Each structure stands twice: as structure tokens, then as C-alpha cells.
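Colleague: I am new to this model. Please pick one part, look at it closely, and then show me what lies around it.

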Amino acid sequence: MRNLKLIDLKNNNGLKINAFCTNLFSINKISQINEFPEIVNTNPRLVIGSGSNIFFLAPDNQPLTSTILLNKIKGKEIIKEKNNKTFVRCLAGENWNDFVIWTLSKNLGGLENLVLIPGTVGAAPIQNIGAYGLEIKDRIDSILAWDFEQKKLVNFKPHECEFRYRNSLFKNQMIHDGWKKTRYFIISIDFVLWSEKESPLITSYDEVRKEIIGKVSPKKIAESIIKIRNRKLPDSNLLPNLGSFFQNPIVKIYQAKDLRKNFPKMPNFKVIENEAKISAAWLIDECKLKGYKVNDAGIYKKHSLIIVNYGDASYKDIMNLAIKIQEKVIEKFGICLTLEPNVISSSEKKAFRLSKFYYETYNHDY
Ligand SMILES: Cc1cc2nc3c(=O)[nH]c(=O)nc-3n(C[C@H](O)[C@H](O)[C@H](O)COP(=O)(O)OP(=O)(O)OC[C@H]3O[C@@H](n4cnc5c(N)ncnc54)[C@H](O)[C@@H]3O)c2cc1C
């Protein structure tokens, strides 16, 4: 291990914590796929974008030794117009927000509710990114990916991707088989969009509607959401973070109703297929944890779902804070909060435990 050169991943993770690996390849062109057999077909491997949704547990004495592929494949184009729809292809290494702004500049609507979400286009389907009433699954026509198992390109239609709230076939595969055996490298995505005039507008959120003056349009929705997000979320350059650190828990409807009885101020919950999605931020607030810190890792004062690095937080600080939050919420509400970011650890067991099972992480000495 001592002979291996360490590569610093501080700038490849949203929390800007110290993390290291020993094999990192930048993939800039689709044609490099021909080099894949030499690089990765036989090795364990992981594909990353901008790291805005990855929590690395890989200090210098335990670096990641698997091959890490940094996706930098760029390009975007309008591929066809059919009936009232416009099909747009975007390669996976493009910045997501730049892509959304580009579609709006072409007078295309459909992606505006997802404006200002950090990260790359290729990572967007992994957790089925969503915001303000829209999930990316509803705008995807197809996904092209390299399948490391079959060693060929494969095409997915949305119904084959097992999209759920913050989840997909791709994310589940990584969780079940372990991230070192990542099976798919998403190469490009075809989106189905509309001209501004024909675009279905999603304004179900009061706060989005309130910001809009005059006639609603995709651009106005985007402007409104940009204002709201800039107000609510920390500036990642000043306070590194991974966005929401926990998913909103999905519980049985009767459990949500019981909670409402005991906590009448509980915000409205969303019903999805006979289950209720409740606010994780509210659960954390009720535990009086807003602003709580473990060394330089802290809960963001304006938004309890966000853990920020106030300076020199280590992965242990972040982890201990996350465990503290899980512990308090389970004590008060009996609800286990699941981590939203992908935990990538040099120890597979540690990553799996932290992302899935609270009880095993609790009191565990890392
Ligand atoms: C301030 C902030 C706000 C956020 N707001 C939202 C929000 O509103 N809604 C939301 O859903 N998310 C949100 N996120 C989370 C994050 O932006 C998304 O998950 C984003 O898609 C991550 O992109 P990335 O390129 O940084 O992916 P990474 O963090 O690099 O990777 C995420 C996962 O995807 C895998 N992956 C990445 N690229 C590929 C590829 N090409 N092929 C296969 N696997 C790949 C990685 O292995 C990893 O498991 C927010 C994050 C931050 C920091």
C-alpha cells in the first residue's frame, strides 16, 4: 500500500473532506470506451461525476484502491422534433444546471423545475433527481449506458429503470452488489421536451407560484426556483455540503396520521401509492438539532436536512453527526432516517451499514 501514489479526492466530493484513491481515470470521449477492457473490465470500479452526492469514507491510511472513472464526456444536441415534442440528447459529463439553462435558451420547456441542482447529467438518473414537483424520470426518453457485465452498450427505456423516490435500478445495483462492482456507466440521456408554449407547467408548490409575476412560463418557473434555492440552500463554495443528507421517510398512512395526532403542527404529508412521505427536516427540527455541530461538521442553520463542512470536518465528524441525528429521530419518533448521498467507503461493510442500517451503525466504533 505504501508504494501506491495517493490521489486527493477533496475536490471531487461536495463536502470537501479529505478522501483518497489510488487509480483515477478521466473519461473524456465516448471513443475511450474501447480502452475500457484494459482499464476496468476486470477490476472493481466506480463511476463518478462531480461528487455532489458522494460521502467518501477513505482517509489516507485507507484509500480507495478500486479504479475510479471520472466522467467528463461532453456534448448536447437537439436530435428530432416529432408531433409537439422535441428530443434532446445530452452526454453524461455535462453540468446538469448548464444543460437546463441551455434547453431554456432554446425555448424548450420541461426541465425548469430541476434548475440549479448540482452535478452532472449522467448522475441525474442514479437517484432520479427531483425538486418542486418534478422527477427526472418523467422527462427521460432513453438512457445509453456501458454495461461492464455484458461488455457492450445497452439502451434503457424509463420503465426499465425501476425509478422510485431518490432511487433507480442503477443505485440499487450499486447498493446490492457493492459500489466496487458498479455495472453501468451512463454515457448519454435522451430527453423529451416541449416548445415553451406547449410545455406542461408544474406549479404545485405555493412558494414557486408566489415568486411568479405575470403569465407562468418555463423560464419564469426557473427564475422563481433559482431565487428560492439561492435563499434556502448554502453556497457550496463557502459551506461545502451534499444537499439533503437524509431522504424524506416514507411510512404507512396510518403511521403518518398517528404522528399528526401526537404532533398537530406536523406539516402536510404527501401520499404516494398508499404511503405517506413525511418531512425529514421537520423531524430533525423537532429534535431541536438545528445548528448542532460535531467539530466542524454541522447542521445548516437555515435547513436541517443539510450537513455542512464549516472548515476542516473529517469523515468521522460527518458520520458521527449523521448517527447522532438518526439516533435522536428514532428515539423521538421511531423512524429511521436513510442517508440520501451515496456512501463510498474503502470498507464495503461500513458503507452498507451507514447507508442502510441505523441499528448497526449506532454505537459502532469507527
Ligand atoms: C446544494 C445541493 C442541492 C441539491 N439538491 C438536490 C435536489 O433538489 N434534488 C435532488 O434529487 N438532488 C439534489 N442534490 C444531490 C445531487 O445534486 C444529485 O444527486 C446529482 O445528480 C449528483 O450529481 P454528481 O455528478 O455530483 O454525482 P456524483 O455525486 O459524482 O455521483 C452520485 C452517484 O452517481 C453515480 N454516478 C455518477 N455519474 C455516473 C454515471 N455517468 N454513470 C453511472 N453512475 C454514475 C456515482 O457512482 C454515485 O453513486 C443536491 C446536492 C447539493 C450539493
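Modeller: Start in strand β13, where Phe191 is the bridge partner of Ile140. The model is predicted, so local features need pLDDT of at least 70, side-chain atom pairs count only at pLDDT 80 or more, and totals for chains, interfaces and linings use all residues. Residues are numbered from 1 along each chain as its sequence is written, and side-chain values use heavy atoms, with hydrogens and water left out.

Helices (H or I, at least four residues) and strands (E, at least two) are DSSP runs, numbered from the N terminus. Strands pair if DSSP finds at least two bridges between them.

β13 covers residues 184–195. Strand β11 (residues 140–147) runs antiparallel to β13, and seven bridges join the two. Strand β7 (residues 85–91) also pairs with β13 in the antiparallel sense, over seven bridges. There, Leu91 stands opposite Ser188. Strand β8 (residues 108–109) is another antiparallel partner, joined to β13 by two bridges. Gly109 has Trp194 of β13 as its bridge partner.

How many of the twelve residues of β13 are buried? Eleven are, so the strand is largely enclosed by the rest of the structure. Buried means under 20% relative accessible area, exposed means over 50%, and partly exposed lies in between (1.4 Å probe, protein chains only).

Now the rings. Phe, Tyr and Trp rings (for Trp, the six-membered ring) pair if their centres lie within 6.5 Å; planes under 30 degrees apart count as stacked, over 60 as edge-to-face and the rest as tilted. The whole structure holds 13 aromatic pairs. One of them joins Phe156 and Tyr184: the centres are 5.2 Å apart and the planes stand at 85°, so this pair is edge-to-face. Phe156 sits in strand β12 (residues 152–156) and Tyr184 in β13, so the pair links distant parts of the chain, 28 residues apart. Phe156 and Tyr184 are both buried.

A second pair is Trp282 with Phe333, with centres 5.5 Å apart and planes at 45°, so it is tilted. Trp282 belongs to helix α7 (residues 280–286) and Phe333 to helix α8 (residues 315–333), so this pair ties together parts 51 residues apart in sequence. Trp282 counts as buried at 10% relative accessibility. Phe333 is buried too, at 12%. Back at Phe191, ring pairs link this residue with Trp96, Phe99 and Trp102 into a cluster.

Next, the ligand. β13 supplies at least two residues of the shell around it, and so do β3 (45–48), β9 (130–131) and β14. There are 32 residues around the ligand, and Val47, Ser50, Ser52, Pro118 and Thr120 come nearest. A residue is near a molecule or strand if one of its heavy atoms lies within 4 Å of it. The shell divides into 16 nonpolar, 14 polar and two charged residues. Here Ala, Val, Leu, Ile, Met, Phe, Trp, Tyr, Cys and Pro count as nonpolar, Asp, Glu, Lys and Arg as charged, and the others, Gly among them, as polar.

Polar contacts are pairs of N or O atoms within 3.5 Å; within protein, one must be able to donate a hydrogen and the other to accept it, and residues adjacent in sequence count only if both atoms are side-chain atoms. Ser52 places a polar side-chain atom 2.7 Å from an oxygen atom of the ligand. A polar backbone atom of Asn53 is 2.7 Å from a ligand oxygen. Asn71 has a polar side-chain atom 3.5 Å from a ligand nitrogen. Taken alone, the ligand exposes 990 Å², and the protein buries 96% of that. Such areas come from the Shrake-Rupley method with a 1.4 Å probe; for residues, only the protein chains shown count as cover.

From the shell, β14 (residues 241–244) leads on to β20: the two run antiparallel and are joined by two bridges. Ser244 stands opposite Ile306. Strand β19 (residues 297–299) also pairs with β20, antiparallel, over three bridges. Val308 is the bridge partner of Gly298. β19 and β20 form a hairpin, with six residues between them.

In a regular strand the side chains alternate between the two faces of the sheet. In β20 (residues 306–309) both faces are covered: Ile306 and Val308 are buried on one side, Ile307 and Asn309 on the other. Asn309 is buried, at 2% relative accessible area. The Asn309 side chain reaches the backbone nitrogen of Ala313 at 3.0 Å.
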